[in-house]
Amino acid sequence: MMAEPTILLEGRGIDKFFGKGRQRRQVLFGVDITVYAGECLAVIGGSGSGKTTLTRVLLGLESADGGSVEYCGEPVRGDVARKLRMQSGLVFQSPFDSLDPRWRIGRSIGEPLRMHHPDWPRERVAERVAEVLEMVSLDPETYLNRFPVDLSGGQAQRAAIARAIVDGPKVLLADEPMSAIDVAARVRILESFEAIRNAEPDMAIIMVSHDLGVVQHIADRILVLHDGRVAETGATSEVLGHPQDEYTKRLVQAASL
């Protein structure tokens with residue numbers, strides 16, 4: 001008998017508003033979302049559907065105006081919110097936002113370790129940095145001493161992913177990590193995520209994307225957002241192969257899957 005999957009993050013009835021007075025508008029409407037340890041959950045939908053806002057609320061980077069968020073069964077506030085931030089890795093659309101242009105790649109990747117483990121000797125930090133570089137298929141000898149400007153967009157994104165996972169987070173949020181990357185480089189990034197999943201089988205990955213081609217290769221489950229509401233959710237093969245909601249059907253049709 002298989003063990004029940006461990007719930008890592010859970011949001012229930014999440015509401016979110018932006019603006020004040022007459023400018024106040026609701027962007028999330030009673031959203032329910034569950035993220036299990038070891039899975040890759042893709043949050044998909046068109047521009048303005050609320051994908052990034054939802055994931056930021058889920059990780060405690062924004063506060064919800066209604067509903068609740070729990071991390072490992074505890075409400076995300078105070079010490080739990082701080083613990084969640086410490087145990088989260090973030091990958092953004094532009095890798096150059098994550099990498100200090102004045103620092104060599106090795107220093108940028110090792111910075112979270114120096115911050116969170118000040119007692120670690122330099123050799124241990126260097127060893128872990130080399131390990132995650134190899135995980136994303138960047139040869140340490142070649143890339144450790146390069147600056148971000150010396151890297152292509154795809155190489156820089158893989159370095160940013162290495163930085164996000166170097167401290168072994170429990171949850172990795174990748175927000176449109178391939179939308180600014182050319183097709184050939186996307187394959188290498190997909191391979192990097194696959195290697196990470198093999199090396200860190202308990203790490204949850206939340207992938208925000210509008211690219212269903214990418215999603216079908218990496219996600220175990222999909223949550224479809226439409227105008228701040230959950231249109232449908234389920235296993236990737238079911239949602240993409242047999243979409244139930246009209247909005248999801250249009251997304252799949254447009255992607256020509």
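Visitor: Is R82 buried, exposed or partly exposed here, and what is its relative accessible area?
Guide: In this predicted model, R82 is partly exposed, at a relative accessible area of 47%.

Visitor: Which side chain does R82 meet in a salt bridge?
Guide: The partner is D79, with an N to O distance of 2.4 Å.

Visitor: And where do D79 and R82 lie?
Guide: Both belong to helix α2, residues 78–86. They sit three residues apart, about one turn of the helix.

Visitor: D79, buried or exposed?
Guide: D79 counts as exposed, because its relative accessibility is 58% and the cut-off for exposed is over 50%.

Visitor: Switching topic. How many salt bridges does a search of the whole structure find?
Guide: The search finds 13.

Visitor: What does R128 form a salt bridge with?
Guide: With E131; the closest N and O atoms are 3.3 Å apart. R128 and E131 are three residues apart in helix α4 (residues 122–135), so about one helical turn separates them.

Visitor: Is R128 buried or exposed?
Guide: R128 is buried, with a relative accessible area of 12%. E131 is partly exposed at 42%.

Visitor: What about K249, which side chain does it meet?
Guide: K249 meets E246 in a salt bridge, 3.3 Å from N to O. The two are three residues apart in helix α10, residues 246–255. K249 counts as partly exposed, at 34% relative accessibility.

Visitor: Last one. Which residues are linked in a network of salt bridges?
Guide: K16, R56 and E62 are linked in such a network.

Technical notes: Residues numbered from 1 in each chain as written. Predicted model: local features only at pLDDT ≥ 70, side-chain atom pairs only at ≥ 80, totals over all residues. Heavy atoms only, no water. Salt bridge = Lys/Arg side-chain N within 4 Å of Asp/Glu carboxyl O. Helix = DSSP H or I, 4+ residues; strand = E, 2+ residues; numbered from the N terminus. Buried < 20%, exposed > 50% of the residue type's maximum accessible area, 1.4 Å probe, protein only.
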